[in-house]
Amino acid sequence: MAEAVSVVAESLAGDRARAARNVLGQVVLPGEELLLPEQEDAEGPGSAGERPLRLNAGTRSRGRVVCGPGLRRYGDRLLVTKCGRLRHKEPGGGSGGGVYWVDSQQKRYVPVKGDHVIGIVTAKSGDIFKVDVGGSEPASLSYLAFEGATKRNRPNVQVGDLIYGQFVVANKDMEPEMVCIDSCGRASGMGVIGQDGLLFKVTLGLIRKLLAPDCEILQEVGKLYPLEIVFGMNGRIWVKAKTIQQTLILANILEACEHMTADQRKQIFSRLAEC
């Protein structure tokens, strides 16, 4: 992989890089180089114009810049490694910098520390459960990683159960590790998901869209039927309504929302509300 990035970087040496602020929300391609606004003080060298992104923020930097999925550092430059739309999230204090990432429609999930996911227990080995999270390898889950779990009071977890938890360890050099408790030892909604309901898979882009603070889809869906719903950042959704028919309708609506416009979605919701 390093050799491939090196070849791409050399091939782009003579090409003109694009300013990131001019392509936010637009499609970027693998191999492109991004330029960000100068982040040093106005009196510092090179304060005018733009330069390639530097992830090692010095003492004169106004804000920290984080390189997210789809972007990779090569020396002092930032290269695009995935095809998708370039996104940016400002930091909470508004001091500059923030997070840059490429929003792509990938289906293969890569575990990320802190992500809440839905997994399927596939095996039990001693005191460790093996959980399928849709990644390249299963995640490990200790029987002590549940609220109130002790050596005498073990959780009732069986092979085939659905688990909603979060990653505490997730990197390319170690096996991912899950827990079903927060930093205070509380479940906070995590644990074994009920046997009823329907589990289905969608793209990772749709999951991020549904979990966005300004998403109107969930508000519209909640007005149709009383429901229980769990979202996993690994592209899995578990939903349960009063009847099997309502559950299937909700699952089909959520799957189709990725390719529907707002007007089409409102028409479908209005027809269902009349039924």
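**Strands E8 and E9.** I started with strand E8 (residues 84-89) and strand E9 (residues 98-103), which pair in the antiparallel sense over five bridges. Strands here are DSSP runs of at least two E residues, and helices are runs of H or I with at least four; both are numbered from the N terminus. I count two strands as paired if DSSP finds at least two bridges between them. Arg 85 stands opposite Asp 103 in E9.

**Ground rules.** This is a predicted model, where local features need pLDDT of at least 70 and side-chain atom pairs count only at pLDDT 80 or more, while totals for chains, interfaces and linings use all residues. Residues are numbered from 1 along each chain as its sequence is written, and side-chain values use heavy atoms, leaving out hydrogens and water.

**The sheet around them.** I then traced the open sheet of four strands: its order is E2-E8-E9-E5, with mixed pairing. Strand E2 (27-28) and strand E5 (65-67) are at the edges with a single partner strand each, so one side of each has no neighbour in the sheet.

**Strands E6 and E7.** Next I looked at strand E6 (residues 71-74), which is antiparallel to E7 and joined to it by four bridges. Tyr 74 stands opposite Arg 77 in E7. Which way do the residues of strand E7 (residues 77-80) point? Arg 77 and Leu 79 point one way, Leu 78 and Val 80 the other. I noted the general rule: in a regular strand the side chains alternate between the two faces of the sheet.

**The cores.** I looked up nonpolar cores, which are sets of buried Ala, Val, Leu, Ile, Met, Phe, Trp, Tyr and Cys residues joined through side-chain atoms within 4.5 Å. The largest has 28 residues, and Val 133, Phe 146 and Phe 167 are among those with the most contacts inside it. Elements giving two or more residues to this core include strand E10 (116-125) and strand E13 (162-171). E13 supplies the largest share, five residues. Another core, of 22 residues, lies apart from it and includes Phe 200, Ile 237, Leu 254 and Leu 272.

**Phe 167.** I checked what Phe 167 touches, not counting residues up to four places away in sequence: Tyr 109, Val 133 and Met 178 are among its contacts. Contact means heavy atoms within 4.5 Å.

**Whole protein.** My last look was at the totals. The protein has five helices and 18 strands. Of its 275 residues, 39% count as buried.

How values were computed: Buried means under 20% relative accessible area, exposed over 50%, partly exposed in between (1.4 Å probe, protein chains only).
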